[in-house]
Amino acid sequence: MGSARPDWAEMLAAACRGEGISTLYQPIVDTARGSVVGYEALTRFSGYSERNPETWFRAARTHGIAEDLEVMALRTALRARPTMPTNCFLTVNVSPDLLPRESVRSVWRDEGDLGGLIVELTEQAPIESYLALEPDLDLLRSAGALIAVDDAGAGYAGLRHLLSLRPSLIKLDRAIVEDIDRDEAKRALVEMLGTFAGRVDAWLLAEGVERLEELDALVALGIPLVQGYCLARPAPAWVGIDEDVAIRLATRAVPGKTRVIRDFLEIVPTATSVSDASAAFVADPKLRAVVLLDEHSSPLAVLEADASHLGVVSPGLRVNLETPVTDALGRAMTRDPGVRFEPLLATDNAGRFTGIVRLERLITALAAEGH
């Protein structure tokens, strides 16, 4: 006789109580440094004979309790968040149709400050209305979270999806990453998505990297973030990556001495209101700029000394500390002529402000190096 069919009603009820459910965390790696900058929380059902997460979440939808299971998965994933290494972010998965549910909203409220958290919209259910999602996306962003789109380039996550949601992190589907070292069409598609990501101030993350040759191809294409078995498998919090792979990245990704934004960082005063910034200019007549921050230490705008009394601010352009100088200049040149040479706002991997970088310094450095 064959094995008995799973009693999904009983199993799901137990899992929704937190029984037999756990979270593993897979490292997300910066290709420029070969270091871990974030983790994706992945739900596991190790207490049951059926362990495939996709099967579980499909069954939950079939039985009408997708909301209960995803809430439990979120709460289980977030338990380890207080111990996460500094300067790292954490991504968690949620179905877009469940964002407006009160039980999901309560998860975010209980967490409080969501700085360093990236909410990844999955393909468990299609997005029926982008407009209906805006209030909850705005609430997440106002609490400090960033938004990610899962499986870009596959399924319904097309260009309209990206344009409507304006995510801060765009994840490349495994189907695109697989054998990218052998497929010129895939390379062209990734290059296009990379250009798009740069124009909308988003990061591109290639997931499902399983072969060193795929990793090398992604590095050559300038993909900033990677994730997959080639680097590290999902594990309890908080593992690193294979040392040999880290060395390979560090030596492969930066030929010569590539200058990055960190090399030109200028520390400037910060404030949380225009009035406080104006007071700083009065106190120090030599002060050239003050950066306005939100409550999560993320930069909002640059306030220049000569415009402080008018309350005029420049939104600036946010760039990561490890962004190569040539990439940062390329992005800066896409801005409107009136603000093209405004200072760049440098942030760490969690989106926190670290300092400004002036365009004239970058241009002078490149000129001196003969670029």
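**Figure 1. Buried residues of helix α4 in the predicted model.** The structure shown here and in the other views is a predicted model. Helix α4 spans residues 102-111, and its residues V104, S106, V107 and W108 are buried. An α-helix has 3.6 residues a turn, so residues three or four places apart point the same way. After α4 comes G112, which has a positive phi, near 75 degrees.

**Figure 2. Crossing of helices α1 and α2.** The view shows helix α1 (residues 8-16) and helix α2 (residues 53-62), whose axes come within 11 Å and cross at roughly 105 degrees. The two helices are therefore roughly perpendicular to each other. On the α1 side the contact is made by W8, M11, L12 and A15, which meet T55, W56, A59 and A60 of α2. By class, the residues of this contact are seven nonpolar, one polar and no charged.

**Figure 3. Packing of helix α2 against helix α3.** The axes of α2 and α3 are 7 Å apart, and the helices pack at an angle of about 140 degrees. From α2, the residues W56, F57, A60 and R61 meet A66, L69, E70 and A73 of α3. The contact of α2 with α3 holds six nonpolar, no polar and two charged residues. W56 and A60 of α2 also take part in the contact with α1.

Figure 4. Five residues, W8, F45, Y48, W56 and F57, form one aromatic cluster. W8 in α1 and W56 in α2 are also among the residues through which these two helices meet. F57 in α2 is one of the residues that meet α3.

**Figure 5. The ring pair of Y25 and W238.** The model has six aromatic pairs. In one of them, the ring centres of Y25 and W238 are 4.6 Å apart and the ring planes stand at 50 degrees, so the pair is tilted. Y25 belongs to strand β1 (residues 22-30), while W238 lies in the loop between β8 (225-226) and α10 (243-253), so the pair ties together parts that are 213 residues apart in sequence. Y25 is buried, with a relative accessible area of 4%. W238 is also buried, at 19% relative accessible area, which is under the 20% cut-off for that class. The peptide bond leading from A237 to W238 is cis, and its omega is near -10 degrees.

**Figure 6. R233 over the ring of Y229.** The charged end of R233 sits over the Y229 ring, 3.9 Å from the ring centre.

**Figure 7. T86 in the loop between α3 and β3.** T86 lies in the loop that joins α3 to β3. With a relative accessible area of 74%, T86 is exposed. The C-alpha atom of T86 is 9.1 Å from that of V37, a residue 49 residues apart from T86 along the chain.

Figure 8. T347 is part of strand β13 (residues 344-347). T347 is buried, with 8% relative accessible area. Neighbours within four places in sequence aside, T347 is in contact with P299, R318, V319, N320, L321, R352, F353 and T354.

**Figure 9. Two loop residues with positive phi.** D179 is not a glycine, yet its phi is positive, near 60 degrees. D179 is placed in the loop between α7 (174-177) and α8 (184-199). Its relative accessibility is 25%, so D179 counts as partly exposed. S297, another residue that is not a glycine, has a positive phi of about 70 degrees. S297 is located in the loop between β10 (289-293) and β11 (299-304). At 34% relative accessibility, S297 counts as partly exposed.

**Figure 10. The whole chain.** The protein has 13 helices and 14 strands. Of its 371 residues, 50% are buried. Among contacts between residues at least 6 apart in sequence, 64% join residues at least 24 apart.

Notes: Residues numbered from 1 in each chain as written. Predicted model: local features only at pLDDT ≥ 70, side-chain atom pairs only at ≥ 80, totals over all residues. Heavy atoms only, no water. Axes fitted to C-alpha atoms, helices over the stretch in contact; angles between N-to-C directions. Helix = DSSP H or I, 4+ residues; strand = E, 2+ residues; numbered from the N terminus. Parallel < 35°, antiparallel > 145°, perpendicular 65-115°, else oblique. Contact = heavy atoms within 4.5 Å. Nonpolar A, V, L, I, M, F, W, Y, C, P; charged D, E, K, R; others polar. Phe/Tyr/Trp six-rings, centres within 6.5 Å; stacked < 30°, edge-to-face > 60°. Buried < 20%, exposed > 50% of the residue type's maximum accessible area, 1.4 Å probe, protein only. Lys NZ or Arg CZ within 6 Å of the ring centre and 35° of its normal.
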